[in-house]
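Here is a short report on one protein chain.

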Amino acid sequence: MSVHHKTSWASLGAAIVVTVYYTIVLLTLKGNIALYSTEMMALARNVFGIAVVFQVLMYFVNFMSKDEAEDKEVARHISLRANQGALFFMVLAVACCAAYLIYVSDTRTLLLSPLVCAHLLVSVLLAAWIVKYLSELIFYRRTFRADPLDSELS
């Protein structure tokens, strides 16, 4: 198993942990969300801080890895395909959110502050992060199933 494959597992785990933390803290804020603007901004800052620190660490580990050139090429190809899928998901999700906010929501029944819209976008970013690393792991599994001799040598 290459270093990139292992860091994909770690990144997926981190994405799930950060998303669960974000969801739990967000759901514990009861009542009018506008009353919790300080707490919500701190939550967003904490989530982005944890995500950035972890991803910088993972990119450093991948950069310093001593994988064979062939493993690095496979990892690069898998990462590219996963990034394309995550980008497609993110663009589609943001477009759906925008369409909902513009065409479906009624301003009299749905009070959407800029802060709530920002947290909606943070949720989309966290979901795209999970989609990216889940896609990478699926592509790794397909690659190793297609060539069982390579997976035995790893």
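How many salt bridges does the count come to? The count comes to 2 salt bridges, a salt bridge being a side-chain nitrogen of Lys or Arg within 4 Å of a carboxyl oxygen of Asp or Glu.

This is a predicted model, in which local features need pLDDT of at least 70 and side-chain atom pairs count only at pLDDT 80 or more, while totals for chains, interfaces and linings use all residues. Residues are numbered from 1 along each chain as its sequence is written, and side-chain values use heavy atoms, leaving out hydrogens and water.

**Salt bridges**

| Pair | Closest N and O atoms | Helix |
|---|---|---|
| R76 and E73 | 2.9 Å | α3 (residues 69-104) |
| K132 and E136 | 2.4 Å | α4 (residues 114-146) |

R76 and E73 are 3 residues apart, about one turn of the helix. K132 and E136 are 4 residues apart, also about one turn. R76 is exposed, at 52%. E73 is partly exposed, at 43%. K132 and E136 are both buried.

**Overall layout**

The chain has 5 helices and 0 strands. These are DSSP runs numbered from the N terminus: helices are H or I with at least four residues, strands are E with at least two. Of the 154 residues, 29% count as buried. The accessible surface is about 10,200 Å², and 71% of that belongs to carbon and sulfur atoms. Such areas come from the Shrake-Rupley method with a 1.4 Å probe; for residues, only the protein chains shown count as cover.

**The interior**

A nonpolar core is a set of buried Ala, Val, Leu, Ile, Met, Phe, Trp, Tyr and Cys residues joined through side-chain atoms within 4.5 Å. The largest one has 13 residues. V18, Y22, V47, L126 and W129 have the most contacts inside it. Helices α1 (3-28), α2 and α4 each give two or more residues to this core. Apart from it lies another core of 5 residues, including A75, A82, F139 and Y140.

Which residues does W129 contact, leaving aside its neighbours within four places in sequence? W129 is in contact (heavy atoms within 4.5 Å) with S11, A14, A15, V18, A51 and Q55.

How values were computed: Buried < 20%, exposed > 50% of the residue type's maximum accessible area, 1.4 Å probe, protein only.
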